[in-house]
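Reader: I have a model open and want to learn how to read it. Can we go feature by feature, with the general idea before the case?

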Amino acid sequence: MSLRIGDVAPNFQAETSIGKIDFYEFLGDSWGVLFSHPADYTPVCTTELGRTAALKDEFAKRDVKVLALSVDSAESHKGWINDINETQNTNVEFPIIADEDRTIADLYDMIHPNASETLTVRSLFIISPDKKVKLMLTYPASTGRNFNEVIRVIDSLQLTANHSVATPADWQDGEDVIVMNSIKTEDIPARFPKGYTEVKPYLRTTPQPNK
């Protein structure tokens, strides 16, 4: 069965570029990003891993731990990391999971046979501290992911996990948010002292509460 948003992310043990890990132990109480790559030494993946490494401080600021996965060996990963660091002018420190038998790829439904029977698509999962899948993104092998969007979604998920708000289309951190419909309009001032705007009875906006 394929994973869905809200499901518990399966735990696993794996060899990685930094040694053996238990997924749950690695994450601890942090948020997690798990994302797959079709193969080592591929051009688009090289840029993606370089970009992820460059965003190290942004992920750390949000208490997010990152793991990549490819169906190649840990030794292959180590050689590839040297190329990534050289060509992308960065330093990959997060683990790249070795999934040669495709156990984890199958667990997370990362192989789509109509795209390729052997290579993982570009799947990405954001996982909350309670180990629930909060977001799933899947790109074809030919298209690199937008990691600014990954950061944006993490900001939204962390905000909405702690406040009764939702984020509108194209929202960026610091912009106004939408008050959930479960909050009665007359209760908004007590819950959101920064004020609010009633665009429609079902569409009420307020300044971002955690800023």
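Author: Let us start with charges over rings. This is a predicted model. The charged end of Lys65 sits over the ring of Phe26, 5.7 Å from the ring centre.

Reader: Which ring does the charged end of Lys131 sit over?

Author: The ring of Tyr24. The distance from the centre is 5.5 Å. To call such a case, a Lys NZ must be within 6 Å of the ring centre and within 35 degrees of the ring normal.

Reader: Next, rings against rings. How many aromatic pairs are there?

Author: Ring pairs are read from a distance and an angle. Centres must lie within 6.5 Å. By this rule the count is 6 aromatic pairs. Take Phe35 and Phe94: their centres are 6.4 Å apart and their planes stand at 45°, so this pair is tilted.

Reader: What does the pair of Phe35 and Phe94 tie together?

Author: Phe35 is in strand E3, residues 31-36. Phe94 is in the loop between helix H4 (74-88) and strand E5 (96-98). The pair therefore ties together parts that are 59 residues apart in sequence.

Reader: Is Phe35 buried or exposed? And Phe94, buried or exposed?

Author: Compare the relative accessibility with the cut-off. Buried means under 20%. Phe35 has 0%, so it counts as buried. Phe94 has 11%, so it counts as buried too.

Reader: What kind of aromatic pair do Phe35 and Phe147 form?

Author: An edge-to-face one. The centres are 5.7 Å apart, with 70° between the planes. Phe35 belongs to strand E3 and Phe147 to helix H6, so here the parts tied together are 112 residues apart in sequence. Phe147 has a relative accessible area of 3%, so it is buried.

Reader: Which residues form one aromatic cluster?

Author: Phe12, Phe23, Tyr24, Tyr108 and Phe125. Tyr24 is also the residue whose ring lies under the charged end of Lys131.

Reader: Back to H6. Why does its end-to-end distance agree with its length?

Author: H6 covers residues 147-162, which is 16 residues. At 1.5 Å a residue it should span 22 Å. Its end C-alpha atoms are 23 Å apart, which agrees.

Reader: Which residues of H6 are buried?

Author: Among them are Phe147, Val150, Ile151, Val153, Ile154, Leu157 and Leu159. Arg152, Asp155, Ser156 and Gln158 are buried as well.

Reader: Now the backbone. Which phi does Tyr41 have?

Author: Tyr41 has a positive phi of about 55°, although it is not a glycine. It sits in the loop between E3 and helix H2 (43-54). At 45% relative accessibility, Tyr41 counts as partly exposed.

Reader: What about the phi of Arg102?

Author: It is positive, about 65°, and Arg102 is not a glycine either. Arg102 lies in the loop between E5 and helix H5 (103-107). Its relative accessible area is 27%, so it is partly exposed.

Reader: Last, the whole chain. How many helices and strands does it have?

Author: The protein chain has 7 helices and 11 strands. Buried residues make up 46% of its 211 residues. Its C-alpha trace spans about 60 × 40 × 30 Å along the principal axes. Of contacts between residues at least 6 apart in sequence, 63% join residues at least 24 apart.

Conventions
Residues are numbered from 1 along each chain as its sequence is written. This is a predicted model: local features need pLDDT of at least 70, side-chain atom pairs count only at pLDDT 80 or more; totals for chains, interfaces and linings use all residues. Side-chain values use heavy atoms; hydrogens and water are left out. Helices (H or I, at least four residues) and strands (E, at least two) are DSSP runs, numbered from the N terminus. The expected span of a helix is 1.5 Å times one less than its number of residues. Buried means under 20% relative accessible area, exposed over 50%, partly exposed in between (1.4 Å probe, protein chains only). Rings of Phe, Tyr and Trp (its six-membered ring) pair if their centres lie within 6.5 Å; planes under 30 degrees apart count as stacked, over 60 as edge-to-face and the rest as tilted. Contact means heavy atoms within 4.5 Å.
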